[in-house]
Amino acid sequence: MSGPAGIGHIVHPTAPTSHPALPVEPLLEVRGLSVSYGRIRAVEGVDLAVEPGRIVSLVGSNGAGKSTTLMAISGILPLAAGTVRFAGEDITRLAPEARVGRGIAHVPERRRVFAGMSVRENLVLGGYSRGDRAEIERDIDTLTALFPILGKRLGQAAGTLSGGEQQMLAIARGLMSRPSLLIMDEPTMGLAPQVIDLILDTVLEIRARGTTVLLVEQNAVEAMRLSDHVYVMRLGRIVHQDSGSNIDPDRVKAFYMGAEA
Amino acid sequence: MDYFGQLLANGLVLGAVYALAAVAFTLVYGVVRLVNFAFGELFMVGAFLTTSLMLPEVRLVGHVVPMPGFSFPVAALVAVLLTAALGVAVDRIAYRPLRRAPRLAPLITSIAVSVVLQSLAQTVWGAEELRFPEFELATYPPVVLFDSIYLSVMDLVVMASALCAMTGLTLFVARSSLGRAMRASAEDQTAALLVGVPVDRVVAAAFAIGSGFAALAGVLYAQTYGFAHSSMGFLPGLKALTAAVLGGIGSIPGAALGGVVLGLVEALGAGYLPNGTAWKDAISFVLLVLLLYVRPQGLLGRPELNAAGRGSLLGGAAEMGGWLRGVFAGLDRLLAGSSARGGAVALGAVALAAAAGLLVPSDYWLRILTTVLIYGMLASGLNVIVGFAGLLDLGFVAFWAVGSYLTSILFVLVLKDGFGVALQETWWLFYLNLPLGGLLAAALAVLLGTPTLRLRGDYLAIMTLGFGEIVRIVAINWVGLTNGPMGIRGIPAPVLFGVPLGTPRAQFFLALTLAAAVVFIVARLVRSYVGRAWVAIREDEEAAEAMGVPTARYKLYAYAMSGFVGGFVGVFYAHYQQYISPLNFSLFENIILLMLIVLGGLGTFIGPFVGAVIWIVFLQVAIDIPFVQAYPETRFALLGVILIALMLFRPQGLAASARVPLVMAGAGPGKAGRAEGAVAGRAGT
């Protein structure tokens, strides 16, 4: 995708666009995060940090606790233990909608667009937490420039879009809140290979424009190709992490599949 | 034509009121998928507040309190706003903590809220009707259309305000930011939260608007009929719910259409059918049952694409609970043995009850204990369908009524009055009638159950409710068969081989024998493959279906069994009371029975009896308190409050550990316990 110019105002003003050599203050910092479903502990003691301007992925097999971790970061699931800090502030006890207001947008698994509402209404809802309602129309224009197909479908019910179009809508809806961190949960799930490439290019594009990305992918190979940092989860815990050029696909795969060392 | 035109006009006025209240049901159902039965009571509160605010003074809880004496529009506005605030408070306290609970929990809570509000209103405003004051607008001469159709100015006000409110709401939901957020929350609450919609506040707004609409409907209704009364919201509430379902619950234009259709059908039915006024309530419920049969989604509703949640309302439990749990932990341990050593415990309970029957000296207490057994048995019957199969049945009293009426009609109207038989000679018929009444009720239950099988849980509850009301209305109005509201007197007490069982002690032991039989039959059934199928349906109907359980057939069995117990107990009840009337079989009785099984523990064998003992004994003990003597209805308010607290803090009821779980080996409260049981079961194989 050739990202058209014009989402400039979505750029986080302080976000570095290249990889800094020195460690910087993380935008998102999760410590000792545990989540339980009833008596079953789904996520245990997860520590992770997302530095600004990076693409960080969380990979792992089905049921490893990736989506649960994301839902806890967004405030949908209650924490059994641990803290979540965002932009220097402790947001552990903040309501989900307040977290959106602080700059965290979450593009959920299986897209979950509002199927009965039009594409435009979905986008407008994405900006619900914003005070500057006047800017919303301008951002809709900007995002339809990023996803031209959505521009042609603004009046159409979101449920009638194809899977790939729905995924683009879900991402655009997330960007409508002008987040500094975009959380994406399995954005390529169930999509055709061509569409997957398009979506992954968009992830790079979003980062290039200054929004930090926390990505969950089952497709570890693709995730590693994109990411600045990779965490591997298994059975509710983080079992491995690697950064930048150190990312070794074979080792990540080994941990993914359940090697102990 | 003139007559028809006038009926049409009357129907439109009535329809406008129904439509307004129907919007309340539809809006809240649309956003949180909850049938808030309490809207009938918010309707009543709106009417009382307006009436009170317009008067110079009102008698509240027996004290004369000065009132501002507002004009009608001001009083109505203030009342609508206050009721909206009350609706928000009810949501915050009673429903919000239950958002992730199985759907049966908030449904039952809303019924409890209804009981509380109605009882409190009776305490505050008294049991008498409060007359709606005269005001200027109402004294204007009526408008005459086509020379013959009379409409008062207030009739026009009713229609105009309904039209304005409805149009305004439609625009609000379609255009405003909050309205958009409401639709988003209705579609997917999690996704709404993720885009930054404060769902709790949006739901509160839906409750505020819904309660305001219900209150406005109540105000207009009170103004039209000239009074306010604590039970005035009951029937219009049901009608409004009917209208909402008729139009397609969740759809605002649907609610408007449903209200108008219902108003017209009622007005025309009352005007043209023979004895139509008496039957007009039945007309709306028959319409409801028929419509749900042919078009469950209503006139304007879209069929649910996702069939999840069909049938059982108890399944899909998320973790619930709170600090109060610890308080009950001791009781849990006390009762924990009962599921493992059920037989011994049952024998012990029967022996204990028998000893009580021998030792209790006064006839007064023997009668109370017999009442406990009757309510316990009835609650056991209802528990089969609600507690084991997880289907909410609000028409259970109809089965009870069928059994009672069968035996009463046979004995009194046919044998004694018809053939002049001396009833001592046909004493054996009572024992024949016990299973016969049961079978007749079971047959009726299957007849009712068949069309409801494909309905979602909420619709099922509404349909059974309509059915129960139809049976009651038939009992009142089919005077030739049932003696109508006069009831049937002179039903003979049971006799056994010439020995009359008329003494309280004899009747107690007869009741105890029947109760033992009922519990034994229910327990055997629940512990068999049938019961396992029920519990599977309750926990997850789709999974059960996927595992090859013919869910439709087993749901019918549950209906039949529940109906059988209802009819069976009904036969005994008639001979015990020796007098029955339609008043004995009201929806309120059904609600009390439901509360008793929730109190004791849904899906347990002893729960219904635990609930019945607590409730009936409490009723008697509390009546000695002077305040309760002055305001007997406060006992019902207390039961409602206890029920709400139980739903919030201990949804599994008092006898929780005795609940029959999906995996029999893993008895324990809550979902986690069951999950553990399932894991243990798998490890064992």
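Ala552(B) comes out as partly exposed, because 15 other C-beta atoms lie within 10 Å of its own, and a residue needs 20 or more to be buried and 12 or fewer to be exposed. The model is a predicted one, so all that follows describes a computed structure. Ala552(B) sits in helix H23 of chain B, which covers residues 551-577.

Another helix of chain B, H20, runs over residues 504-526. With 23 residues at 1.5 Å a residue, H20(B) should span 33 Å, and its end C-alpha atoms are 32 Å apart, which agrees. Quite a list of residues in H20(B) is buried, among them Gln507(B), Phe508(B), Leu510(B) and Ala511(B). Further along H20(B), Ala515(B), Val518(B), Val519(B), Val522(B) and Val526(B) are buried too.

Now for chain A. It holds nine helices and ten strands. The radius of gyration of chain A is 18 Å, close to the 18 Å that the globule rule gives for 261 residues, so chain A is as compact as a globular protein of that length. Along the principal axes, its C-alpha atoms fill a box of roughly 50 × 40 × 40 Å. Of the 261 residues, 46% count as buried. Take the contacts in chain A between residues at least 6 apart in sequence: 69% of them join residues at least 24 apart.

One sheet of chain A is an open one with six strands, in the order S6-S7-S8-S3-S9-S10, and its pairing is mixed. Strand S6 (104-107) and strand S10 (237-243) of chain A are at the edges with a single partner strand each, so one side of each has no neighbour in the sheet. On average, and with direction ignored, neighbouring strands here are turned by 15° against each other.

S6(A) pairs with strand S7 (residues 181-185) of chain A in the parallel sense, over four bridges. Across this pairing, Ala105(A) stands opposite Leu182(A) in S7(A), while Val107(A) has Met184(A) as its bridge partner there. In a regular strand, side chains alternate between the two faces of the sheet. Both faces of S6(A) are covered: Ile104(A) and His106(A) are buried on one side, and Ala105(A) and Val107(A) are buried on the other.

Helices lie across this sheet as well. Helix H1 (residues 66-73) of chain A lies across strand S3 (55-59), S6, S7, strand S8 (212-217) and strand S9 (229-234) of chain A, and it runs at about 150° to S7(A). Helix H7 (residues 193-208) of chain A lies across S3, S7 and S8 of chain A, running at about 155° to S8(A).

The other sheet to look at in chain A is open too, with four strands in the order S2-S1-S4-S5 and antiparallel pairing. Its edge strands are S2 and strand S5 (89-90) of chain A, each of which pairs on one side only. Strand S1 (residues 28-37) and strand S2 (residues 40-50) of chain A run antiparallel and are joined by seven bridges. One of the residue pairs here is Ser36(A) with its bridge partner Arg41(A) in S2(A). S1(A) and S2(A) form a hairpin with two residues between them, and Gly38(A) in the turn has a positive phi of about 60°.

S1(A) also runs antiparallel to strand S4 (residues 81-86) of chain A, with five bridges joining the two. Here Leu28(A) has Phe86(A) in S4(A) as its bridge partner, and Arg31(A) stands opposite Thr83(A) in S4(A).

Finally, the two chains touch each other. The contact takes 24 residues from chain A and 19 residues from chain B. On the side of chain B that touches chain A, helix H7 (177-187), helix H8 (189-194) and helix H28 (670-684) of chain B are the elements that give two or more residues. H7(B) gives the most to that side, with five residues. By class, that side of chain B has ten nonpolar, two polar and seven charged residues.

Key: Residues are numbered from 1 along each chain as its sequence is written. Chains are lettered from A and ligands numbered from 1 in the order in which they are written. This is a predicted model: local features need pLDDT of at least 70, side-chain atom pairs count only at pLDDT 80 or more; totals for chains, interfaces and linings use all residues. Two residues are in contact if their C-beta atoms, placed from the backbone, lie within 7 Å. Ala, Val, Leu, Ile, Met, Phe, Trp, Tyr, Cys and Pro count as nonpolar, Asp, Glu, Lys and Arg as charged, and the others, Gly among them, as polar. Two strands pair if DSSP finds at least two bridges between them. Axes are lines fitted to C-alpha atoms, for helices over the stretch in contact, and angles run from 0 to 180 degrees between N-to-C directions. The radius of gyration is taken over C-alpha atoms; the globule rule is 2.2 Å times the number of residues to the power 0.38. The expected span of a helix is 1.5 Å times one less than its number of residues.
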